[in-house]
Amino acid sequence: SAEETAPAVPAPAVDEWADTKQYMDHLERSLVLLKDRVDLLVRRRRETSSSLQEFGKSFVKIGEIERGYEEGPLAKALTDVGNHAEHLSIVYQEQADNETIQVVETINYYAGLTNSVRDVIRRIHKLILTKETEEHAVSQLLEKQAKLRLQPPGGKAEEALRKLEPEIANANQRKEDATKELSSVQEVFRQEVRRFHQEKQTDIKQMLKSFVDLQTEYSNKMKTSWESVVPSISAIPTGVSSSSQ
């Protein structure tokens with residue numbers, strides 16, 4: 001019967017790329033999660049930038065009111081703090097922009113690469129299936145040939161053997177082509193995976209260094225900027241209004 005002469009194609013052999021695919025799946029999920037956290041950080045910096053700008057304007061406004069009553073150190077300090085707060089809102093915005101460039105772009109790049117790697121693995125799986133299908137076809141033809149050779153020479157069996165020879169040759173060629181293509185694709189992919197890990201290590205190292213440098217630079221800007229208004233605040237007399245001195 002048809003079921004007897006066309007058994008199912010054997011299942012693929014052990015998948016040597018299973019660990020690579022699993023790694024890429026886990027890496028992509030982690031990168032997406034990291035991107036979400038960085039996006040949240042950037043969004044909060046931008047929100048803080050906007051709030052700090054309004055915060056500064058409020059201090060400046062109070063300074064103007066104070067100056068209308070009395071021109072002195074308090075009015076100056078309020079205005080200085082307000083102006084610096086508005087300046088720092090720019091620092092927050094620049095920090096958010098830099099974090100997006102230095103961190104998010106690297107994350108997006110490698111998240112995209114994980115998808116590309118999985119695409120190649122899917123292609124390899126299809127090539128493996130094609131190769132195994134062709135091997136199975138050759139095996140079936142050879143089995144048919146062996147059975148025909150057991151029959152007495154001459155007659156239909158001999159004619160069938162002659163017709164079978166080009167089928168076997170074509171099947172062998174298809175099997176050989178499939179084997180070569182699979183071998184070629186897998187060899188190139190092995191090299192690409194090695195390069196992926198090498199470049200990833202270099203790029204992630206640079207991303208981490210850039211992120212730490214950004215935080216250090218940001219902290220220094222904040223510290224320097226706020227320290228610059230300390231003299232104005234220190235100049236405010238306590239316990240007595242400046243106009244009474």
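Axes here are lines fitted to C-alpha atoms, for helices over the stretch in contact, and angles run from 0 to 180 degrees between N-to-C directions. With that in hand, helix 2 and helix 3 pack at an angle of about 165°, and their axes lie 7 Å apart. That makes helix 2 roughly antiparallel to helix 3. Angles over 145 degrees count as roughly antiparallel, under 35 as roughly parallel, 65 to 115 as roughly perpendicular, and the rest as oblique.

This is a predicted model, in which local features need pLDDT of at least 70, side-chain atom pairs count only at pLDDT 80 or more, and totals for chains, interfaces and linings use all residues. Residues are numbered from 1 along each chain as its sequence is written, and side-chain values use heavy atoms, with hydrogens and water left out.

**The helices**

- Helices are DSSP runs (H or I, at least four residues), numbered from the N terminus.
- Helix 2 covers residues 18-69.
- Helix 3 spans 73-149, and helix 4 spans 155-227.

**Helix 2 with helix 3**

- Helix 2 passes helix 3 in a left-handed crossing.
- A crossing is left-handed if the near helix is turned anticlockwise from the far one by less than a right angle, and right-handed if clockwise.
- The residues of this contact divide into 28 nonpolar, 16 polar and 15 charged.
- Contact means heavy atoms within 4.5 Å.
- For the classes, Ala, Val, Leu, Ile, Met, Phe, Trp, Tyr, Cys and Pro count as nonpolar, Asp, Glu, Lys and Arg as charged, and the others, Gly among them, as polar.

**Helix 3 with helix 4**

- The axes of helix 3 and helix 4 come within 7 Å and cross at roughly 165°.
- Helix 3 is therefore roughly antiparallel to helix 4.
- The crossing of helix 3 with helix 4 is left-handed.
- Their contact residues comprise 38 nonpolar, 14 polar and 16 charged.

**Helix 2 with helix 4**

- The axes of helix 2 and helix 4 come within 15 Å and cross at roughly 15°.
- Helix 2 and helix 4 are therefore roughly parallel to each other.
- This crossing, too, is left-handed.
- Helix 2 makes the contact through Y23, M24, L27, L41 and R45, and helix 4 through F196, H197, K200, F211, Q215 and Y218.
- Seven of these contact residues are nonpolar, two are polar and two are charged.

**The largest pocket**

- On a 1 Å grid over the protein atoms alone, a pocket is an open set of points with protein on both sides within 12 Å along at least five of seven lines.
- A cavity is a set of points where a 1.4 Å probe fits but cannot get out, and lining residues have an atom within 4 Å of a point.
- Grid points are joined across faces, edges and corners, and a volume is the space filled by probe spheres set on the points.
- The largest pocket has a volume of about 190 Å³.
- Its lining consists of Y109, L113, S116, V117, V120, F189, E192, V193, R195, F196 and E199.
- Helix 3 and helix 4 are the elements that give two or more residues to this lining.
- Helix 4 provides the largest share, six residues.
- The lining of the pocket has seven nonpolar, one polar and three charged residues.

**The cavity**

- The structure holds one cavity of 30 Å³ or more.
- The volume of the largest cavity is about 40 Å³.
- V91, E94, Q95, N98, E217, Y218 and K221 line the largest cavity.
- Helix 3 gives the most to this lining, with four residues.
- Two lining residues of the cavity are nonpolar, two are polar and three are charged.

**Around K131**

- K131 lies in helix 3.
- Not counting residues up to four places away in sequence, K131 touches A178, T179 and L182.
- The C-alpha atoms of K131 and D177 are separated by 8.5 Å, and these residues are 46 apart along the chain.
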